[in-house]
Amino acid sequence: MFEQELSYIDQHGLRRRLVVAGPDDGAHVMINDQRVILMCSNDYLGLANHPALRKAACAAMEQYGFGSGASRLVSGTGALHCELEERLAKFKGTEAVLLFNSGYAANTGIIPAVATTDDVILSDSLNHASIIDGCRLSKAQVSVYRHRDVNHVEDILKKTAHARRRLIVTDGVFSMDGDIAPLPELVSLAERYDAMLMVDDAHAAGVLGAGGKGTAEHFGLTGRVPIQMGTLGKAFGSFGAYVAGDKHLIEFLLNSARSFIFSTALPPAICAASLAALDIVEQEPERRNKLWLNRDRFVQGLKALGIDPGESETPIIPIMIGSSEKATQASLLLLESGVFASAIRPPTVAEGTARIRTTVTAAHSFADIDAALAAFGALKQKGYAG
Ligand SMILES: *Cc1c(COP(=O)(O)O)cnc(C)c1O
């Protein structure tokens, strides 16, 4: 069973493999006993291994035990779940917040709850797989618009006036290209056509905006994006996700998002680590500054090498390769030069656009960035990397 499918995957250079990478300092990992520069983590602020998160998690485990035991609606919610929701609501400047177990669970719970029969979902063609799956679970009609094309969004809005409700859903920062959604235009279209707007801030939370509050803050649109999803496993270095909005939305989702209702709650230690991360996100803006300094140094260096960083506007920088085979090869060559950055291939990205997806974090030193650039320079010399 499945030999045929696997050999098809192999023939097309699409085999996905797990690489064992030991933890190190956030900027490096151990792979095959070799210490390499980590250029593909979403731990943007270098918090995943931070002593404050470890300490908070251990203290919570001592006080509350490890597992949460059941769904929050079944065996009672933990004090830390409520505290984290209150703190996140204050951080986001919204009336309320509801926690989810992951970003994947949030998107597959929120979208089918807010858009159903007689509704229309407008979804960017490069939205994350969890949004796509949320759309698939929804009974609404799904209309995919061309990437960041607000004219296309408006066309669809004009043609779907009959719908009970319309939901526009977009990544804030696109996870494989590092570009940013045209939020000002989407907000004004949503307001003008009376549509709901949902932003997935998985790669924006902690990263975008002066306070790290996400895409809305970045554009000065605080208060105008009614459904804001964010994750705690990336820049927050923890685990889990949330949706921020008004209290009716949150109360409705608590009653209808199936991935919230029918899933065991986050362990208290995870919530404690997220609270510690939130303190750091709020109190140490210098981490965000360092992240952006590193990002600019890397992008400038790539350009100097003649490597095109595409449409990237964020710490996610795709290096286009083309075919899946070549991207896999490029990733192996990089590893030999001491850089870990994985190949991203279809169906994660479109056919012919396989790439090395790099990310820069606050944990990198300028020396790390320069060493990574040298490895990409060597890759370019070998005929990879446009
Ligand atoms: C990573 C990601 C998710 C999923 O979040 P998890 O907490 O890892 O499940 C959702 N949306 C986007 C855009 C992402 O990049």
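1. A cavity, in the sense used here, is a set of grid points where a 1.4 Å probe fits but cannot get out, and a residue is said to line it when one of its atoms lies within 4 Å of such a point. With that meaning in hand, one can read the lining of the largest cavity in this predicted model, which is made up of Arg-72, His-81, Leu-99, Phe-100, Asn-101, Ser-259, Phe-260, Ser-263, Thr-264, Ala-265 and Leu-266.

2. How many cavities of 30 Å³ or more does a search of the whole structure find? The search finds 1, and the volume of the largest cavity is about 80 Å³. Two elements, strand E3 (96-100) and helix H11 (258-261), each contribute at least two residues to the lining of this largest cavity. Sorted by class, that lining holds 5 nonpolar, 5 polar and 1 charged residues.

3. Which atoms of the protein lie 2.9 Å and 2.6 Å from an oxygen atom of the ligand? For Tyr-104, a backbone N or O atom lies 2.9 Å from an oxygen atom of the ligand, while for Lys-234 a polar side-chain atom lies 2.6 Å from an oxygen atom of the ligand. On the nitrogen side, an N or O atom in the side chain of His-128 is 3.4 Å from a nitrogen atom of the ligand. Taken alone, the ligand would expose 370 Å², and the protein buries 83% of that area.

4. The largest share, 5 residues, comes from H6, and the lining as a whole divides by class into 22 nonpolar, 16 polar and 12 charged residues.

5. Why can the largest pocket be placed between domain 1 and domain 2? The reasoning rests on the lining: domain 1 (13-44 + 285-381) and domain 2 (51-283) both give residues to it, and therefore the largest pocket lies between them.

6. The second largest pocket has a volume of about 310 Å³. It is lined by 18 residues, and Pro-226, Ile-227, Gly-245, Asp-246 and Leu-249 lie nearest its centre. Strand E8 (227-231) and helix H10 (247-256) each supply at least two residues of this lining, with H10 giving the most, 3 residues. The classes found in the lining of the second largest pocket are 7 nonpolar, 6 polar and 5 charged residues.

7. Two details of the backbone are also worth checking in the model. The peptide bond that runs from Pro-346 to Pro-347 is cis, with omega near 5°, and Pro-347 itself is placed in the loop between E12 and E13. In the segment before H1 one finds Phe-2, whose phi is near 70°, a positive value in a residue other than glycine.

How values were computed
Residues numbered from 1 in each chain as written. Heavy atoms only, no water. 1 Å grid on protein atoms, 1.4 Å probe; cavity = no way out; pocket = protein on both sides within 12 Å on 5 of 7 lines; lining within 4 Å. Points joined across faces, edges and corners; volume = space filled by probe spheres on them. Helix = DSSP H or I, 4+ residues; strand = E, 2+ residues; numbered from the N terminus. Nonpolar A, V, L, I, M, F, W, Y, C, P; charged D, E, K, R; others polar. Polar contact = N/O pair within 3.5 Å; in protein donor to acceptor, adjacent residues only side chain to side chain. Areas by Shrake-Rupley, 256 points an atom, 1.4 Å probe, with all protein chains shown as cover. Domains from an automatic or database assignment.
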